[in-house]
Amino acid sequence: SKGTADAASQSATVVGTQIAQMTPAESIAKRQELMKALGGHMKAIKAFVESNEGTAADVATHAQAIQTASGQIVELFPEGTSLDDNVAKTAAKPEIWQKMDGFKAAADTLGVEAGKLVEVAATGDATAIGEQFGSLGKNGCGGCHSEFRQKTE
């Protein structure tokens, strides 16, 4: 899973340099790619928590990738890319742009929670990892999805 973290940090660099030239549809595609990658990292951590698959070091690697990606989220939501803008299929609610400070805070919280998981994973304590993974899901992912993401089928 080292390859995944390397790929995540490489894509972080690529995104930063290209973001300004993206069309709204490209931004939506790019953020969906990022969210799908985040989902993959969460799934890998969940496999450790629930089935003891992988190692605590793998958890740290995935959590680090989530922390890095959290810093890119906001810039992938330029004005004019909500589900009401009919640019492309998206679940991004208009509330994102009405409450941008809250949206930024939610992305920051994701990074903070992922950072805590990196630290907890370093201890190797599976119980503590499970608890922090729960907090990451609830307060990190959920902190944004509950308010800013339309439920999808």
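**Helix packing, pocket and aromatic pair in a predicted model**

Author: In this predicted model, helix α2 (residues 24–51) packs with helix α6 (residues 126–148) at an angle of about 145°, their axes lying 10 Å apart. The crossing of α2 past α6 is left-handed.

Reader: Which residues of α2 and α6 meet?

Author: From α2 come Met 42, Ile 45, Lys 46, Phe 48 and Val 49; from α6, Ala 126, Ile 129, Gly 130, Phe 133, Leu 136, Gly 137 and Cys 141. By class, this contact has nine nonpolar, two polar and one charged residues.

Reader: Why does Gly count as polar in such a tally?

Author: Gly is not on the nonpolar list and is not Asp, Glu, Lys or Arg, so it falls among the others, which count as polar.

Reader: What makes up the lining of the largest pocket?

Author: The largest pocket, with about 600 Å³ of space, is lined by 26 residues, and Arg 31, Met 35, Phe 77, His 145 and Arg 149 lie nearest its centre. Two or more lining residues come from each of α2, α5 (100–123) and α6; α2 gives the most, with seven. The lining has 16 nonpolar, six polar and four charged residues.

Reader: Why is the aromatic pair of Phe 77 and Trp 97 called tilted?

Author: The ring centres are 6.4 Å apart, and the limit for a pair is within 6.5 Å. The planes stand at 45°; stacked requires under 30 degrees and edge-to-face over 60, therefore the pair is tilted. Phe 77 is in the loop between α3 (56–70) and α4 (95–98), and Trp 97 is in helix α4, 20 residues apart.

Conventions. Residues numbered from 1 in each chain as written. Predicted model: local features only at pLDDT ≥ 70, side-chain atom pairs only at ≥ 80, totals over all residues. Heavy atoms only, no water. Axes fitted to C-alpha atoms, helices over the stretch in contact; angles between N-to-C directions. Helix = DSSP H or I, 4+ residues; strand = E, 2+ residues; numbered from the N terminus. Left-handed = near helix turned anticlockwise from the far one by under 90°. Contact = heavy atoms within 4.5 Å. 1 Å grid on protein atoms, 1.4 Å probe; cavity = no way out; pocket = protein on both sides within 12 Å on 5 of 7 lines; lining within 4 Å. Points joined across faces, edges and corners; volume = space filled by probe spheres on them. Phe/Tyr/Trp six-rings, centres within 6.5 Å; stacked < 30°, edge-to-face > 60°.
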